[in-house]
Amino acid sequence: MNNNENRRLDCLGDFCPIPVVKAKLALEEMSPGEVLKVLADDPAAESDFSAWCEATGNPLLKSEKTEEGFVFLIRKGAGGRT
Amino acid sequence: MTIIFMSGTFDKAMAAMILATTAASMNLEVTVFFTFWGLSFLKKGKRYRRKPLLRRMLELMTPGSMKGLPLTHLNMLGVGPAMMKALMKKSGMASLEELFRTAAGLGVKFYACSTSCSVMGVEENDLIPETAGTVGAATFLGEAKNSGINLFI
């Protein structure tokens, strides 16, 4: 399975809990196996996406700190959950 | 997740709505039970008609809707909440109303406490349409029993 993004989500400027809510809504529209790229600059996003992905069964492929904030790659899980 | 929202203040309502939307985004079933002072959150506005004196006085002195909730600290006769809301808007934070609408859209259930409604003279028509029902403690506890997280705010 490749890790190329299928969809990009801009959460720059959003505070907790908006980034994870936006990610949930975006993943709902995607198919299992597809990859969502999330850009966020909320300082809480790093630990929040890690916990959120764990809780929802959507693997977090990448969590990277950049100059702008963070980049996350999330694969939609196969369990039919978002 | 189940939440009892009793305090009826803006800052605590923010905490309740942030946790409700986040839990719903994590696929947890979320129920919020509004009781006593918290009931103001679900009200459409103030209604004085067809109410006896004591209830009219209560209506006068309590917030008519989620827009009018006071701050727990530094309320300063309503100046505090206005300052807090301005600060939140400036920093790009979602408002209480936005968080509430998001929670409702994610399927969070909002119940009004039946006893609080009876005591305060709040009728079903006085509540916003997102209210899933007016229920008692047993209904709430029935849901809380099966929930891994229960909060009293």
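Select strand 1 (residues 2-5) and strand 2 (residues 31-34) of chain B: the two run parallel and are joined by 4 bridges. Strands here are DSSP runs of E with at least two residues, helices are runs of H or I with at least four, and both are numbered from the N terminus. Next pick Thr2(B), whose bridge partner in strand 2 of chain B is Thr31(B). This is a predicted model, in which local features need pLDDT of at least 70 and side-chain atom pairs pLDDT 80 or more, while totals for chains, interfaces and linings use all residues. Residues are numbered from 1 along each chain as its sequence is written, and chains are lettered from A in the order in which they are written.

Now show the whole sheet of chain B. The sheet is open, with 5 strands in the order 4-3-2-1-5 and parallel pairing; two strands pair if DSSP finds at least two bridges between them. Strand 4 (131-135) and strand 5 (150-152) of chain B are at the edges with a single partner strand each, so one side of each has no neighbour in the sheet.

Contact means C-beta atoms, placed from the backbone, within 7 Å.

Finally, turn to where chain A meets chain B. The contact takes 11 residues from chain A and 10 residues from chain B. On the side of chain A that touches chain B, helix 1 (18-28) and helix 2 (45-56) of chain A each supply at least two residues. Helix 1 of chain A gives the most, with 4 residues.

How values were computed:
Two residues are in contact if their C-beta atoms, placed from the backbone, lie within 7 Å.
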